[in-house]
Amino acid sequence: MASDEQQIREVIATWMSATAAGDLAQILKLMDEDVVFLVMGQPPMRGRDAFAVGFKKALEKFKIESTSNIQEIEVTGDWAYCWNDLQVTMTPHDEGEPTVRRGNVLSVFRKSQEGNWVLFRDANLLGG
């Protein structure tokens with residue numbers, strides 16, 4: 001069985017590949033129902049449903065690809081945090097130029113009742 005740290009790395013890798021594929025159903029499985037996303041200049045995004053609405057809107061206009069450079073993962077019992085250097089490229093479906101945002105992300109994970117690690121809180125400092 002993979003270590004907790006390895007399982008969290010797999011959640012992040014699966015999230016990125018599912019995002020690139022536009023697989024919302026897979027992404028939703030990777031987050032807690034009460035997930036909260038904190039993004040500079042925007043009110044907190046609360047819950048899976050809010051994420052789904054925003055993701056669908058983004059996919060209408062962009063292909064989204066990302067790369068991750070995990071800096072640190074710490075696990076304590078059923079809780080963990082991850083500091084990640086993230087780059088997200090949003091390429092318009094029309095002929096516009098891609099937008100690249102990069103920055104640090106601090107994510108909190110918790111182990112679900114089923115024993116899977118899921119994203120619980122996410123604060124990103126991505127900039128253009």
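I started with serine 66, which is found in strand E3. I'm working from a predicted model, where local features need pLDDT of at least 70, side-chain atom pairs count only at pLDDT 80 or more, and totals for chains, interfaces and linings use all residues. Numbering runs from 1 along each chain as its sequence is written, and side-chain values use heavy atoms, with hydrogens and water left out. Helices (H or I, at least four residues) and strands (E, at least two) are DSSP runs, numbered from the N terminus.

**Serine 66**

My cut-offs are buried under 20%, exposed over 50% and partly exposed in between, with a 1.4 Å probe and protein chains only. Setting aside neighbours within four places in sequence, I found serine 66 in contact with Met16, Leu86, Gln87 and Val88; contact means heavy atoms within 4.5 Å. Alanine 20 is 46 residues from serine 66 in sequence, yet the C-alpha atoms are 7.6 Å apart.

**Helix H1**

Next I checked the length of H1. Its 18 residues should span 26 Å at 1.5 Å a residue, and the end C-alpha atoms are 26 Å apart, so the two agree. The expected span is 1.5 Å times one less than the number of residues.

Which residues of H1 are buried? I listed Gln7, Ile8, Val11, Ile12, Trp15, Met16, Ala18 and Thr19. A reminder to myself: an α-helix has 3.6 residues a turn, so residues three or four places apart point the same way. After H1 comes glycine 22, with a positive phi near 70 degrees.

I then picked alanine 18, in helix H1. Alanine 18 has a relative accessible area of 5%, so I put it down as buried. Beyond residues up to four places away in sequence, alanine 18 touches Asp23, Gln26 and Ile27. Glutamate 65 sits 47 residues from alanine 18 in sequence and 9.5 Å from it in space, C-alpha to C-alpha.

**Largest pocket**

How much space lies in the largest pocket? I got about 920 Å³. Of its 29 lining residues, Trp15, Phe51, Val88, Asn124 and Leu126 are the closest to the centre. Elements giving two or more residues to the lining include helix H1 (4–21), helix H3 (47–61) and strand E3 (62–76).

For the method, I used a 1 Å grid over the protein atoms alone; a pocket is an open set of points where a 1.4 Å probe fits, with protein on both sides within 12 Å along at least five of seven lines, and lining residues have an atom within 4 Å of a point.

**Largest nonpolar core**

The largest nonpolar core has 29 residues, of which Trp15, Met31, Phe51 and Phe109 touch the most other members. H1 supplies the largest share of this core, six residues. A nonpolar core here is a set of buried Ala, Val, Leu, Ile, Met, Phe, Trp, Tyr and Cys residues joined through side-chain atoms within 4.5 Å.

I followed up phenylalanine 109. Leaving out neighbours within four places in sequence, its contacts include Ile8, Val11 and Ile12, along with Trp79, Trp117 and Phe120.

**Two more residues**

Leucine 28 is in helix H2. Not counting residues up to four places away in sequence, leucine 28 touches Arg48, Phe51 and Ala52. Its C-alpha is 8.4 Å from that of phenylalanine 51, 23 residues apart along the chain.

Glutamate 60, in helix H3, came out exposed, with a relative accessible area of 62%. Proline 92 is 32 residues from glutamate 60 in sequence and 9.1 Å away in space, C-alpha to C-alpha.

Key
Grid points are joined across faces, edges and corners, and a volume is the space filled by probe spheres set on the points.
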